[in-house]
Amino acid sequence: MDSYRQQSLIPSFLYSSSSSAKTLTLSTLLHSDQPSLSPSLTPAMGRKSSGGFVIPAPSEPGKRIEMYSPAFYAACTVGGILSCGLTHTTVTPLDLVKCNMQIDPAKYKSISSGFGVLLKEQGVRGFFRGWVPTLLGYSAQGACKFGFYEFFKKYYSDLAGPENAAKYKTLIYLAGSASAEVIADIALCPFEAVKVRVQTQPGFARGLSDGMPKFVKAEGALGLYKGIVPLWGRQIPYTMMKFASFETIVEMIYKYSIPVPKDQCSKSLQLGVSFAGGYVAGVFCAIVSHPADNLVSFLNNAKGATVGDAVKKLGVWGLFTRGLPLRIVMIGTLTGAQWGIYDAFKVFVGLPTTGGAAPAAAPAKV
């Protein structure tokens, strides 16, 4: 066990793992809202003891995936695809109204009137215009965002060493998420450019298949990345806030609001904490990243537009406030759902949920 802890610095600092109870008893299963197990599964999953039927916990050698192995990062990547791709696609109608409010506030004056205008002009089908580039773009982004976050968090913690990793854990969250988002936005940017153009210019294209070639023909392949700097400006602060605040909020929930240690909580409660922590983090994310979100929408909608043009037309106040209430609702719900889906997938494959463990005490110097 000592050699394992020396090899993996993160689990003792950033994740909760059971040290006092290495097995899950039948009574725990009954209280954790998990379905009962068929007797046919017992030879493969459990064993008999004097205390009854037990199942290896994720921290035991019998777990499905070893922490920080290639399989672990692959699982986190898949979880990120499901987390971001599904949630962003689901809120396409809200995103569509938000983008149009940012581009044409005279026509789309409010959330309710924006939905009314879309329904009148484009029908119900118009609410999901641009869903294909949304699904593909944010699936690619989610894969890189969550997969590389776990990688960089481990990498920077190994560089810092046990004592500094515990002492400066928030800086590690911030650095790891920022590094991951730089890569994730490179994957997202072309899809985001086409999505915004399809959603804000009726008649431009039906979707990705005809929109991408038309966009490239008009502005060249590099035109797909003309919004990369504003996208970084929007997404990097957003993601830093998303991960660092989530980890901190979840740790505080377990520390101050729940009377038992995380490893004694049911999985359903842990996933509820993940959603709640994600929603609160999402509100902060929306506020921090909103000015850059307005810039991205403006630049991708207007051919040849610059940041200066956007500031001149929208104004500084407009950059910070136009479409913000809707984006707070959308991003709060989105971020909460993303963390819920991501951690649910981790639980499904036998991994612990994210966050919640206070840093272990630094080893005493000899």
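Phenylalanine 148 belongs to helix H8, which covers residues 131–167 in this predicted model. With a relative accessibility of 32%, phenylalanine 148 counts as partly exposed, because that category lies between the buried limit of under 20% and the exposed limit of over 50%.

H10 comprises the twelve residues 208–219. From its first C-alpha to its last, H10 reaches 16 Å, close to the 16 Å expected at 1.5 Å a residue. Which residues of H10 are buried? They are Leu208, Gly211, Met212, Phe215 and Glu219. These residues lie on the same side of H10, because they cover an arc of only 100° around the axis. The partners against which the buried residues of H10 pack are H8 and helix H9, residues 169–200. On the other side of H10, Ser209 and Lys217 are exposed. Just after H10 comes glycine 220, with a positive phi of about 80°.

A glycine with positive phi also follows helix H14: this is glycine 350, whose phi is near 95°. H14 itself consists of 25 residues, 324–348. The distance from its first C-alpha to its last is 35 Å, close to the 36 Å expected at 1.5 Å a residue.

Tyrosine 68 has a positive phi as well, of about 65°, although it is not a glycine. Where does tyrosine 68 lie? Its place is the loop between strand E3, residues 52–56, and helix H5, residues 70–90. Is tyrosine 68 buried or exposed? Its relative accessibility is 12%, so tyrosine 68 counts as buried.

Serine 112 counts as exposed, because its relative accessibility is 59% and the exposed category requires a value over 50%. The position of serine 112 can also be described relative to valine 97. Along the sequence, serine 112 and valine 97 are 15 residues apart, while in space their C-alpha atoms are 9.2 Å apart.

Note on methods. Residues numbered from 1 in each chain as written. Predicted model: local features only at pLDDT ≥ 70, side-chain atom pairs only at ≥ 80, totals over all residues. Heavy atoms only, no water. Helix = DSSP H or I, 4+ residues; strand = E, 2+ residues; numbered from the N terminus. Buried < 20%, exposed > 50% of the residue type's maximum accessible area, 1.4 Å probe, protein only. Expected span 1.5 Å × (residues − 1). Arc of directions from axis to C-beta. Contact = heavy atoms within 4.5 Å.
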